[in-house]
Amino acid sequence: PVATLIGHKALINHVAFSPDGTRLVSGSKDRSALVWSLPERLKLERLKGHRDDVSCLAIHPDGELLATGSWDSTIRLWRLSDGELLDTLGATDINEGHSGWVSCLAFSPDGKILASGGFDSTVRLWSVPGGAPLKALEGHSDRITCIRFTSDGRTLISGSGDKTLRLWRSELARLRRVP
């Protein structure tokens, strides 16, 4: 290997690069996310606050916002430059958040929507900035394992333990028409 980064105290679940390649973020069973500076390979921040494993990460297209998902059923939004916690999504009202583990996250290419998938078989959409809940997408019969926006941002694809992929296009189009 070119380098070995040491800092987590348990298994690492997910990694993500900032769009400009200057930051690497890792999420772990130790309930934290570590922010690393590249190419220096220096640990900059340890982001703590989740009550369970950090299971997934997503970095906003502008490189300034980090979303972390956890087995504690919440999503946390952090300012990547200094590690400040900005918001916790789904923590106060279960009707607005996941009722099970958050397993995957993705920002839309324009950065206006954060999508989250969970073990509760739902995909949830959140406005960015602010984290207001926009919509819950239902239809899968098992946990959501992966989500991704198309490069034009007009379609969201979700994969599930039910062995299906769902393409959510009309739901996104309706959201984008709302001011």
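Author: A residue is buried if its relative accessible area is under 20%, exposed if over 50% and partly exposed in between (1.4 Å probe, protein chains only). The model is predicted: local features need pLDDT of at least 70, side-chain atom pairs count only at pLDDT 80 or more, and totals for chains, interfaces and linings use all residues. Residues are numbered from 1 along each chain as its sequence is written, and side-chain values use heavy atoms, with hydrogens and water left out.

Reader: Is His60 buried or exposed?

Author: His60 is placed in the loop between β5 (54–59) and β6 (65–70). Strands are DSSP runs (E, at least two residues), and helices are such runs of H or I with at least four; both are numbered from the N terminus. Because its relative accessibility is 10%, His60 counts as buried.

Reader: Which side chain is joined to that of His60 by a polar contact of 3.0 Å?

Author: A polar contact is a pair of N or O atoms within 3.5 Å; within protein, one must be able to donate a hydrogen and the other to accept it, and residues adjacent in sequence count only if both atoms are side-chain atoms. Apart from residues up to four places away in sequence, His60 touches Pro19, Leu65, Phe107, Gly111 and Val128 (contact: heavy atoms within 4.5 Å). The polar contact of 3.0 Å links the His60 side chain to that of Asp62.

Reader: With which residue does the side chain of Trp126 make a polar contact?

Author: Trp126 is found in strand β11 (residues 123–127), and its relative accessible area of 2% is why Trp126 counts as buried. Its C-alpha atom is separated by 5.1 Å from that of Leu114, 12 residues apart along the chain. The side-chain polar contact of Trp126, at 3.0 Å, is with Ser116.

Reader: How many residues of strand β2 are buried?

Author: Strand β2 (residues 23–28) pairs antiparallel with strand β1 (residues 12–17) over 5 bridges, where pairing requires at least two DSSP bridges between two strands. Another 5 bridges join β2, again antiparallel, to strand β3 (residues 32–37). Strand β2 is mostly covered, and of its 6 residues the number buried is 5.

Reader: Which residue of β3 stands opposite Leu24?

Author: Leu24 of β2 is the bridge partner of Phe17. Gly27 stands opposite Ala33 in β3. The β3 residue opposite Leu24 is Trp36.

Reader: Which residue in the turn between β2 and β3 has a positive phi?

Author: In the hairpin of β1 and β2, with 5 residues between the strands, Gly21 takes a positive phi near 75 degrees. The hairpin of β2 and β3 has 3 residues between its strands. There, a positive phi of about 75 degrees belongs to Arg31.

Reader: What is the average twist from one strand to the next in the sheet β1-β2-β3-β4?

Author: This open sheet of 4 strands has antiparallel pairing. Strands β1 and β4 (42–48) stand at its edges with a single partner strand each, so one side of each is left without a neighbour in the sheet. With axes as lines fitted to C-alpha atoms (for helices over the stretch in contact) and angles from 0 to 180 degrees between N-to-C directions, the twist averages 20 degrees.

Reader: Which strand gives the largest share of the lining of the largest pocket?

Author: On a 1 Å grid over the protein atoms alone, a pocket is an open set of points with protein on both sides within 12 Å along at least five of seven lines, and lining residues have an atom within 4 Å of a point. The largest pocket has a volume of about 430 Å³, a volume being the space filled by probe spheres (1.4 Å) set on the points, which are joined across faces, edges and corners. Of its 25 lining residues, the closest to the centre are Ala58, Leu105, Ala106, Ile147 and Arg148. The largest share, 5 residues, comes from β9.

Reader: What is omega for the cis peptide bond between Val128 and Pro129?

Author: Most peptide bonds are trans. A cis bond joins Leu38 and Pro39, with omega about 5 degrees. Pro129 is found in the loop between β11 and β12 (133–137), and for its cis bond with Val128 omega is about 0 degrees.
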